[in-house]
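This report covers sheets, helix packing and a few backbone details. The sequence and structure come first.

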Amino acid sequence: MADHTLRVAVIGASGYTGGEVIRLLLEHPGVELAFLSAERSAGVPVGVVHPWLRNHPAVAKLKFRPLAELRDVDVAFSCLPTGALPQRLPLVADRAGRVLNLAGDFRLRDPKEVERHYPKTAQHPPSEEFSYFVPELSGSLPEGRFVSLPGCMAVATLYGLYPLFAGNLASDRVIVDAKTGSTGGGRGGSEPPAERAGNFRVHKLHGHRHTPEIHQALGEFTGASMDLQFSTHSLDVPRGILVTAYSRLREGVESLDVKRAYAKAYVGKPFVRVRPAPKAPQDFPMLKAVVGSNVAEVAVSVKDGECVTVAALDNLIKGAAGQAIQAMNLLSGFDEALGLPRTAVSP
Ligand SMILES: NC(=O)c1ccc[n+]([C@@H]2O[C@H](COP(=O)([O-])OP(=O)(O)OC[C@H]3O[C@@H](n4cnc5c(N)ncnc54)[C@H](OP(=O)(O)O)[C@@H]3O)[C@@H](O)[C@H]2O)c1
């Protein structure tokens, strides 16, 4: 139950993450969905753009509106494509008590990396600093009213690697292979569905913009730096990310040290689950155990000093909408888990 109600806006609500924020907030007892923006879909009923939402009784009354019509809200979720919020931020900041940004715009601090990966952000610096917030790893709540949520593949990687580097258990070189479903590219994604179907291919082998984010966040959360090779692949599934990370343990580190570190890192964290003693393939994190839920699964396997970490999550929920709602819950004094699903949807 919630003891107060927040007036909430979803900006860019006609896209995939925006639709998912709406879907989850329709069942959240502490939220009134006060405003939903879209540009091309302005004036269109929500149930037309997101048919999977049309049978909720509250959806019949909801339409998308242009952002200029935004009036005062407690919280705004920005689900715009990366690069679209910076120039709209003055308007949003004026009318929202808190801004939770799901896009990459303001995650990076190094100006050279911002210029390289987020050139539109560099042209429109924010009036107040954005805090980068990962509920399980940040250690404390952000102080300001602007919050950046992590990238979906970055955060899956962070959940997988955090215990290793917090405990100084692995040497610096880490190779990460991330596989992602098609909704990761958004509704405006350019790949024809027929070319994705039945295929499994490289997405980006070098220079992905989540690489500097992983370096920055792991450094902030653990004090460690690493020599990271981060490559991504495109899966033929609508949702889900599975990340495999390969490293070598430091001299003298035993398998038991690693298992203890993983168990300890996520004690009391409802949405990161470490798979205990995985042996068979189905014991490891997998998409069918997380898709539809706000849970990230993590497992680690050690043999002869080689360490392989696996993490899986739903990119639209734990990688985006659910993560942002979890942040809102923590920042607003609600129970962390309020309105968030813990079980997956399968088969
Ligand atoms: N998809 C994921 O798995 C995922 C995970 C984590 C973070 N994110 C981040 O979340 C953000 C949204 O992703 P998404 O997958 O929801 O994208 P999306 O499906 O493409 O939706 C984008 C939304 O923004 C609106 N929009 C598009 N272009 C715009 C523009 N130039 N100016 C203003 N509004 C515009 C669209 O509305 P109209 O078309 O109606 O105008 C739509 O509502 C991105 O920054 C992405 O990096 C995505």
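## Basis and terms

Axes are lines fitted to C-alpha atoms, for helices over the stretch in contact, and angles run from 0 to 180 degrees between N-to-C directions. Helices (H or I, at least four residues) and strands (E, at least two) are DSSP runs, numbered from the N terminus.

This is a predicted model: local features need pLDDT of at least 70, side-chain atom pairs count only at pLDDT 80 or more, and totals for chains, interfaces and linings use all residues. Residues are numbered from 1 along each chain as its sequence is written.

## Helix H1 and its partner H11

H1 and H11 pack with their axes 9 Å apart, at an angle of about 45°. That angle makes H1 oblique to H11. (Angles under 35 degrees count as roughly parallel, over 145 as roughly antiparallel, 65 to 115 as roughly perpendicular and the rest as oblique.) The crossing of H1 and H11 is right-handed. (Left-handed means that the near helix is turned anticlockwise from the far one by less than a right angle, right-handed that it is turned clockwise.)

On the H1 side, the contact uses Thr-17, Glu-20, Val-21, Leu-24 and Leu-25. On the H11 side, it uses Ile-317, Ala-320, Ala-321, Gly-322, Ala-324 and Ile-325. Two residues are in contact if their C-beta atoms, placed from the backbone, lie within 7 Å. The residues of this H1 to H11 contact divide into 8 nonpolar, 2 polar and 1 charged. (Ala, Val, Leu, Ile, Met, Phe, Trp, Tyr, Cys and Pro count as nonpolar, Asp, Glu, Lys and Arg as charged, and the others, Gly among them, as polar.)

## Burial of H1

H1 spans residues 16-25 and is mostly covered, with 9 of its 10 residues buried. A residue is buried if 20 or more other C-beta atoms lie within 10 Å of its own, exposed if 12 or fewer, and partly exposed in between; C-beta atoms are placed from the backbone. The buried set of H1 includes Tyr-16, Gly-18, Gly-19 and Ile-22. Its buried residues pack against strands E1 (6-11), E2 (31-36) and E3 (73-78). Helices H2 (46-49) and H11 (317-332) are also packed against by the buried residues of H1.

## The six-stranded parallel sheet

An open sheet of 6 strands runs E2-E1-E3-E4-E6-E5, with parallel pairing. Two strands pair if DSSP finds at least two bridges between them. The edge strands are E2 and E5 (131-132), each pairing on one side only. E5 pairs with E6 (residues 146-148) over 2 bridges, in the parallel sense. Ser-131 stands opposite Val-147 in E6. H11 packs on this sheet, touching E1, E3, E4 (96-101) and E6. The direction of H11 makes about 145° with that of E4.

## The seven-stranded mixed sheet

A second open sheet has 7 strands in the order E8-E9-E7-E10-E13-E12-E11, with mixed pairing. Its edge strands, E8 (201-204) and E11 (272-274), each pair on one side only. Neighbouring strands of this sheet are turned by 25° against each other on average, direction ignored.

E7 (residues 173-180) and E9 (residues 227-234) run parallel, joined by 8 bridges. Ala-178 stands opposite Thr-232 in E9. E8 and E9 pair in the antiparallel sense over 3 bridges. There, Arg-201 has Ser-234 in E9 as its bridge partner. E10 (residues 241-248) and E13 (residues 306-313) run antiparallel, joined by 8 bridges. Arg-248 is partnered by Glu-306 in E13.

## Helices H9 and H6

H9 (residues 255-265) lies across E11, E12 (296-303) and E13, running at about 170° to E12. H6 (residues 152-166) also meets H9: the axes come within 9 Å and cross at roughly 115°. This crossing is right-handed. Tyr-162, Pro-163, Leu-164 and Ala-166 in H6 meet Ala-261, Tyr-262 and Ala-265 in H9. The residues of the H6 to H9 contact divide into 7 nonpolar, no polar and no charged.

## Backbone exceptions

Most residues other than glycine have a negative phi, and most peptide bonds are trans. Asn-168 has a positive phi, near 50°. It sits in the loop between H6 and E7. Asn-168 counts as partly exposed because it has 13 C-beta neighbours inside 10 Å. Ala-277 also has a positive phi, near 40°. Its place is the loop between E11 and H10 (287-290). With 8 C-beta neighbours inside 10 Å, Ala-277 counts as exposed.

A cis peptide bond joins Ser-346 and Pro-347, with omega about 5°. Pro-347 is found in the segment after H11.
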